[in-house]
Amino acid sequence: MTGALTDFGVNANSDVYYTGHYWNDLDQVRRMLNERVSGDPERTWVEHFAQRVGRTFERALILNCGNGHVERGLVEQGLVRAAVGIDYSVELLAEARAAADAAGLPLTYHQMDTNTAAFPDGPYDLVVNFAAAHHIARIDTVFRALCDLLPDDGWFVSWDYVGPHRNQYAHEAWEAAWRVNRTLPEALRQEMRYPHLPTMLATDPTEAIHSELILPTFDRYFRVDEEVRLGGAIAYLLLTHNDRLHAAPEAERAPWVERILEADREYCATHPDDSLFAWFTGQPDKAVLADAALLARWREEEDEREAAARTEGGEYYPHTALQDLTLELEAQRVATDHARIELAETRHHLEHLLASFPVKQLKAVAASPALRRARAAIGRRVGSR
Ligand SMILES: C[S@@+](CC[C@H](N)C(=O)[O-])C[C@H]1O[C@@H](n2cnc3c(N)ncnc32)[C@H](O)[C@@H]1O
């Protein structure tokens with residue numbers, strides 16, 4: 001590839017992954033997603049894809065494989081014979097390797113920054129993007145290389161977050177989720193905090209780095225077979241990282257989860273572009289690789305975009321009004337927290353001073369006969385003047 005790598009395309013801290021509760025940990029959500037992909041709540045995307053393409057694959061490349069659960073499933077279900085997983089995180093790759101070894105599966109792993117597009121040698125007949133591409137900064141470079149890497153009859157299969165860049169949700173969608181949240185019983189309500197960009201940049205600068213470019217870039221290099229919006233504008237916001245709801249007994253939360261999913265269906269039907277997740281599959285469109293001028297223009301666009309972000313501390317776009325408001329509120333919250341801490345410290349200090357003040361001794365001295373005699377003597381002297 002040409003052009004410098006973005007400084008924001010890698011994240012060595014794997015602690016941020018596989019933590020907390022996700023919306024698709026819930027059975028009801030998985031059934032809803034299955035239904036949107038396959039038309040049947042019981043049929044998963046793997047089963048749907050297998051049936052649709054009517055074939056199996058010899059060797060798959062798994063993008064940003066994490067702990068390896070996706071490729072283990074693909075091999076165990078017989079869709080894929082062998083697979084190569086790539087990821088940046090050494091710890092997650094070690095986990096994936098250990099699990100594959102323990103299960104005796106033909107899976108190998110390779111540590112790399114996906115943005116380099118320097119993939120382990122093929123051949124591959126399938127590329128799998130499961131919740132991976134939304135962490136890729138050089139999305140054009142990577143999808144172009146994958147188009148080149150796959151044979152004409154190869155497949156790219158994808159299930160991913162394709163919502164707003166760095167989760168900076170549209171005002172209307174945020175409002176809609178907020179309103180649904182208010183209708184939930186207090187004990188199941190989400191603590192809604194608009195994603196705070198500086199915190200995201202500090203904890204995982206790759207999160208949703210170019211989620212907004214995934215579908216348009218996929219369309220550049222692949223002949224689309226299926227492209228299905230999976231929703232999430234409301235349900236993802238209210239059900240992901242909602243610890244209280246996930247901890248509630250199934251019978252208590254189920255009707256409310258259903259209500260949230262219904263609100264999600266209604267909202268996404270009228271606002272399809274606010275859908276946060278998508279299922280999309282396709283085959284390489286090799287013709288585009290022959291258009292040198294177009295490829296050069298796309299490369300230049302990407303180089304310029306990444307270079308500009310480097311000078312802007314990782315920010316790619318002007319702030320929205322909601323984003324500015326969030327930054328202001330967050331700054332006020334931090335200032336208030338600091339003031340509260342200072343007040344508590346001053347109170348503590350005062351209490352300590354009072355506690356160490358020798359009140360008892362002073363009272364004893366004041367009541368002593370010697371002091372009384374001295375006071376009386378002073379009084380007499382002053383009076384005789
Ligand atoms: C949301 S996790 C998904 C993991 C896996 N696909 C799954 O579904 O469990 C994102 C993964 O992307 C990896 N990642 C992020 N940036 C990367 C990069 N530049 N190169 C390679 N892997 C990267 C992370 O280490 C993490 O494993």
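Is the crossing of H5 and H8 right-handed or left-handed? The views below come from a predicted model, and the crossing of H5 and H8 is right-handed.

**View 1. Helices H5 and H8 pack together.** Helix H5 covers residues 139-149. Helix H8 covers residues 214-221. The two pack at an angle of about 30 degrees. Their axes lie 9 Å apart.

**View 2. Ile139, Asp140, Phe143, Arg144 and Cys147 form the H5 side of the contact with H8.** From H8 come Ile214, Thr217, Phe218, Arg220 and Tyr221. Sorted by class, the H5 contact with H8 has 6 nonpolar residues, 3 charged and 1 polar.

**View 3. Seven strands make an open sheet.** The order is E3-E2-E1-E4-E5-E7-E6. Pairing is mixed. Strand E3 (107-111) sits at one edge and strand E6 (222-231) at the other; each pairs on one side only. From one strand to the next, the twist averages 15 degrees.

**View 4. Strands E2 and E3 run parallel.** Strand E2 takes in residues 80-87. It is joined to E3 by 5 bridges. Look for valine 84: its bridge partner in E3 is threonine 108.

Key
Residues are numbered from 1 along each chain as its sequence is written. This is a predicted model: local features need pLDDT of at least 70, side-chain atom pairs count only at pLDDT 80 or more; totals for chains, interfaces and linings use all residues. Side-chain values use heavy atoms; hydrogens and water are left out. Two strands pair if DSSP finds at least two bridges between them. Helices (H or I, at least four residues) and strands (E, at least two) are DSSP runs, numbered from the N terminus. Axes are lines fitted to C-alpha atoms, for helices over the stretch in contact, and angles run from 0 to 180 degrees between N-to-C directions. Contact means heavy atoms within 4.5 Å. A crossing is left-handed if the near helix is turned anticlockwise from the far one by less than a right angle, and right-handed if clockwise. Ala, Val, Leu, Ile, Met, Phe, Trp, Tyr, Cys and Pro count as nonpolar, Asp, Glu, Lys and Arg as charged, and the others, Gly among them, as polar.
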